[in-house]
Amino acid sequence: MKGKTCVVTGTTSGIGKETAVALAAAGARVAIVCRTRDKGERALDEIRQRSGGDVILFLADLGSQRAVRALAARLTTALPRVDVLVNNAGLILDERLLTEDGLETTFAVNHIGYFLLSRLLEPKLLASAPARVVNVASRAHHGATIRFDDLMGARSYDGWKAYAQSKLANIVFTYELARRLAGTGVTANCLHPGVIASNFGSAGPALIRLGVRIGRPLMKSSARGAETPIYLASSPEVEGVSGKYFVNRRAARSSDESYDPAVAARLWKVSEELTAASDVP
Ligand SMILES: NC(=O)c1ccc[n+]([C@@H]2O[C@H](COP(=O)([O-])OP(=O)(O)OC[C@H]3O[C@@H](n4cnc5c(N)ncnc54)[C@H](OP(=O)(O)O)[C@@H]3O)[C@@H](O)[C@H]2O)c1
């Protein structure tokens, strides 16, 4: 990965931190994106120390479109190239909270955060081609649907359903992005990392917190969870491969709804409207 620059979001813990460590240890310059300065600086120190690599910190709350736009501008100015973007930051919430943009927070961080950052970094990725977008999704998308009539859960909210919908959106978005980027040298793939003992679920519904506590001994480590993102970000085996969902470093089938082009077109349009990003090249 020498000479490559990777942007990885959500690196204060879990899968994102381990992905950043591995990519930096492999020689890439890694720009980590964290929400708060104190956790970000702690993560920066640890990732630098464990990888011995070139790591730089950027701060942004990915639930704020203003912050994502400012982040993209800073990344674009600071980094001569972006070879890999790993959209990883994500969360599940117990209660319905709105962002400053008026969006339900799970949808805003987990889907709109991926969508907007990818779109804003697209010129940089295109200029750095061959380049890769890697979206960390989840097996939780199976059984989920994108509720276009109540995307923000205003009529009925369930933390798990909001999460599962956002992870389905990650996959639908990845497939549509791959179609739109076909022939450019920029690929887009997504993945399920496994069931991982990270900080995931700490702000989630009580049942999820309980399940995580009980199931923890059976879960895989964050380092194991990072294996597929690292593979998609760096392996020559997936050079040129695009528009796929991976589990355990193998292409896998995602849910039927995730392949529906009408759902993809509608999600893209709504996402553009919600971010007013149609002017993004
Ligand atoms: N763990 C699993 O079993 C599992 C399974 C399937 C998929 N996933 C997916 O894997 C990804 C990583 O999760 P993880 O398991 O590593 O969980 P984690 O340890 O909780 O890490 C999540 C990361 O996202 C960051 N983040 C959350 N909200 C953010 C925001 N508004 N702005 C910026 N950063 C934000 C967190 O930062 P803070 O420290 O500031 O909160 C943290 O760095 C997620 O997309 C998740 O959906 C996880």
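Which handedness does the β-α-β unit made by β1, α1 and β2 have? I traced the path, and this unit is right-handed. I call a crossover right-handed if, with the strands pointing away from the viewer, the path from the first strand over the helix to the second runs clockwise. My helices (H or I, at least four residues) and strands (E, at least two) are DSSP runs, numbered from the N terminus.

**Ground rules.** This is a predicted model: local features need pLDDT of at least 70, side-chain atom pairs count only at pLDDT 80 or more, and totals for chains, interfaces and linings use all residues. Residues are numbered from 1 along each chain as its sequence is written.

**Strands.** I looked up the partners of β2 (residues 29–34) next. Strands count as paired if DSSP finds at least two bridges between them. Strand β1 (residues 5–9) pairs with β2 in the parallel sense over 5 bridges. In that pairing, Cys6 stands opposite Val30. Strand β3 (residues 54–59) also pairs with β2 in the parallel sense, over 6 bridges. Here I found Val30 opposite Val55, and the chain gets from β2 to β3 through helix α2 (residues 37–51) in a right-handed β-α-β crossover. Arg29 faces Asp54 in β3.

**Burial of β2.** I then checked whether β2 is enclosed. A residue is buried if 20 or more other C-beta atoms lie within 10 Å of its own, exposed if 12 or fewer, and partly exposed in between, with C-beta atoms placed from the backbone. In β2, 6 of the 6 residues are buried, so this strand is largely enclosed by the rest of the structure. In a regular strand the side chains alternate between the two faces of the sheet. One side of β2 has Arg29, Ala31 and Val33, the other Val30, Ile32 and Cys34, and all are buried.

**Core.** I took a nonpolar core as a set of buried Ala, Val, Leu, Ile, Met, Phe, Trp, Tyr and Cys residues joined through C-beta atoms within 7 Å. The largest one has 76 residues, and Leu23, Val30 and Ile32 touch the most other members.

**Ligand shell.** How many residues surround the ligand? I found 27, with Gly10, Gly14, Gly90, Ser198 and Phe200 the closest. A residue counts as near if its C-beta atom, placed from the backbone, lies within 6 Å. Helix α1 (residues 14–25) gives the most to this shell, with 3 residues. By class, the shell has 10 nonpolar, 14 polar and 3 charged residues. Ala, Val, Leu, Ile, Met, Phe, Trp, Tyr, Cys and Pro count as nonpolar, Asp, Glu, Lys and Arg as charged, and the others, Gly among them, as polar.

**Leu168.** I found Leu168 in helix α5 (residues 159–181). Leu168 is buried, with 26 other C-beta atoms within 10 Å. Its C-alpha atom is 7.4 Å from that of Ala137, 31 residues apart along the chain.

Most residues other than glycine have a negative phi, and most peptide bonds are trans. I noted a cis peptide bond from Ala129 to Pro130, with omega near 5 degrees. In the loop between β7 (245–247) and β8 (250–252) I found Asn248, with a positive phi near 50 degrees. Arg249 lies in the loop between β7 and β8 too, with a positive phi near 65 degrees.
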